[in-house]
Amino acid sequence: MTLTLLIIITLSISIIYIVDEQENEIIASETRAWANILAQNSSLFLKSDNDNSQSALSSQLKKLISTPLINRIHIYRANEDGSIEYFSSYNKNLNFPAVSDKISQISQLSTIQYEENHLELIVKITQDQHLLGYLYIQSSLVEKQNFIKKLIYLMLSFLFFALLLAFGVAQWLFNKTDQPVAKLIEDIGQISQSKNYTLELANQPYKELDVLAKNINVLLSRTDKHINKIIDNHQYALSQNQALENRLSARTDALKESNQELLSTLEKLHEFQGQLVETEKMASLGDMVAGIAHEVNTPIGLGVTASSLLSDKLNEVKAAFDDKTLKSSQLKKFLTDGVENVSIIFRNLERAAKLISSFKKVAVDQSSAENCTFNVHSLLDEVLLTLSSKLESNNVSVSLLCPKDLNINSQPGPINQILINLILNSIYHAFEELDHGTITINVMNLSDQLHINYSDDGIGIDNSVKAKIFDPFTTTKRGSGGSGLGMHLVYNLVTQALDGHIVLNNESKHGVSFDITFPVELAAT
């Protein structure tokens, strides 16, 4: 019987393994077929020079893809200079966070790669043996896994019924051939119910059972002695337990008082944490105010100097005119210098007005949590302008990669606050011991989601801090005024205000890299 069960289990495992391999081959075959079909349909859009070809291709992909097998599609265009760029994409569900482009993995994904819940493949998009681009496809393995689970449940049910049948046959054999054993068990059960361990079992007709009965009688005798000993120990334990309960009751009362004090302390701590978060927001605004004040002082100072010089020259010309000693050369020089000074005053006052306007817009956006339509590139320019003093004084350059015609409907305030905190965090932490630093901000729209990659080439984050970088009060400058709420504030703004995701990229070899994605609605340009 045991051998039969082992054969059934082995056969079940083999069937499941074969089905799993066949399902993998079927899904891989369907994925290749869909990849070739979609690549063929995408070639016309890649050759088109129409500005709407990207959105048109995205709409075409949504119409063509009729199977739940496909999770994501990326289309990349191959340029004439040999470079490859992102062109369009498809995402089955907006709840799926967008994935980064796979341009660097084209050679690796030219054959199917299996992950835990999906498989990936990249195929070429060609026309007349001319390479137009590449198509990245990601297919789901969830349906296959569900089918395997159902098959496992079916095999387990079959095994259960086989065991049940084996048990029934064994029971029938037991009732048929082992009546003496049943009588022996009945006698032992009566002794157990009566708890009279002084009784003994009768002699049995079979030698083996008789030996067993005698050994059980010895066991019953020893059990009786052991029970009496346990009763004595139990009485002693009761007295000890009573004393322990009295001590435990006293300690419980003391613990309740301590817990009440702890709850009060926690409530105060939460209040204090909220105040610190607000302080962190005001601190970033204070940094911008200091930078704007420094930037505005320079053009105003130049304007004051030029106006003072113009006033002195005007007084000289007026005195010469009153004394009737004014020469034409002196007047000509005054007019030339006057035009130059007025131009200096105008340029510097215009720069001061632009700085103040930018600061006002950033401050208003930072405090706003309402949806509105805005240009992403202009918003980032305003943020960088308000922080230009900080960036220049710390010798930090910023590389901004963002389409200038990207207009979205979202909340500018949280986006503003997120970038300000990330930039200030890089200035204060990443470039503290460096002579020069570079910040890179890469923005793109992927499948109705805005993707922001923020990175710097600073000293990076210690491995002991990475796991808790978004936790409150996590800071490496505890004794230098750091509150540890900057990244916690960024995490809350991304996940709660914008309903998005933020991830620290652990694959970055130098500095830090954050990937931020959140859903947006594209606005008409």
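Two strands count as paired if DSSP finds at least two bridges between them. In this predicted model, Leu 504 has Phe 514 in β12 as its bridge partner, and 4 bridges join β11 to β12 in the antiparallel sense. Helices (H or I, at least four residues) and strands (E, at least two) are DSSP runs numbered from the N terminus. On that basis, the protein chain contains 11 helices and 13 strands.

Residues are numbered from 1 along each chain as its sequence is written, and side-chain values use heavy atoms, with hydrogens and water left out. As the model is predicted, local features need pLDDT of at least 70 and side-chain atom pairs count only at pLDDT 80 or more, while totals for chains, interfaces and linings use all residues.

**Chain overview**

- Of the 525 residues in the protein chain, 36% are buried; buried means under 20% relative accessible area, exposed over 50%, and partly exposed in between (1.4 Å probe, protein chains only).
- A contact requires heavy atoms within 4.5 Å. Among contacts between residues at least 6 apart in sequence, 68% join residues at least 24 apart.

**Sheet β2-β1-β5-β4-β3**

- This open sheet has 5 strands in the order β2-β1-β5-β4-β3, and the pairing is antiparallel. Its edge strands, β2 (84-91) and β3, each pair on one side only.
- Strand β3 (residues 113-114) pairs with β4 over 2 bridges in the antiparallel sense, and a hairpin connects the two through 3 residues. Gln 113 has Glu 120 of β4 as its bridge partner.
- Strand β4 (residues 118-127) is mostly covered, with 7 of its 10 residues buried.
- Antiparallel pairing of β4 with strand β5 (residues 130-140) extends over 10 bridges. The β5 partner of Ile 122 is Tyr 136, and that of Thr 126 is Leu 131.
- The hairpin of β4 and β5 has 2 residues between the strands, and Asp 128 takes a positive phi near 55° there.
- Helix α2 (residues 53-64) lies across β1 (70-78) and β2, running at about 35° to β2. Such angles run from 0 to 180 degrees between N-to-C directions, with axes fitted as lines to C-alpha atoms, for helices over the stretch in contact.

**Sheet β7-β9-β10-β12-β11**

- A further open sheet of 5 strands has the order β7-β9-β10-β12-β11, with mixed pairing. Here β7 (396-401) and β11 are the edge strands, each pairing on one side only.
- Neighbouring strands of this sheet are turned by 15° against each other on average, direction ignored.
- Helix α7 packs on the sheet and touches β7 and β9, its direction making about 175° with that of β7.
- Helix α9 also packs on the sheet, touching β9, β10 and β12, and its direction makes about 15° with that of β10.

**Nonpolar cores**

- A nonpolar core is a set of buried Ala, Val, Leu, Ile, Met, Phe, Trp, Tyr and Cys residues joined through side-chain atoms within 4.5 Å. The largest one has 44 residues, and Ile 423, Val 443 and Phe 514 have the most contacts inside it.
- Elements that each supply at least two residues of this core are α7 (376-386), α9 (412-430), β9 (437-446), β10 (449-456), α11 (486-497), β11 (501-504) and β12 (512-519). Helix α9 gives the most, with 9 residues.
- Beyond its neighbours within four places in sequence, Ile 423 contacts Val 383, Leu 384, Leu 387, Leu 391, Ile 439 and Tyr 454.
- A second, separate core of 26 residues includes Ala 28, Ile 65, Phe 87 and Leu 135.

**Helix pair α9 and α11**

- The two helices pack at an angle of about 155°, with their axes 10 Å apart. This makes α9 roughly antiparallel to α11; angles under 35 degrees count as roughly parallel, over 145 as roughly antiparallel, 65 to 115 as roughly perpendicular and the rest as oblique.
- Residues of α9 that meet α11 include Pro 414, Ile 418 and Leu 422, and the α11 residues met by α9 include Met 487, Val 490 and Ala 497.

**Ile 502**

- Ile 502 lies in strand β11 and is buried, with a relative accessible area of 8%.
- Not counting residues up to four places away in sequence, Ile 502 touches Phe 470, Val 490, Tyr 491, Val 494, Phe 514, Asp 515 and Ile 516.
- Ile 502 and Asn 492 are 10 residues apart in sequence and 9.7 Å apart in space, C-alpha to C-alpha.
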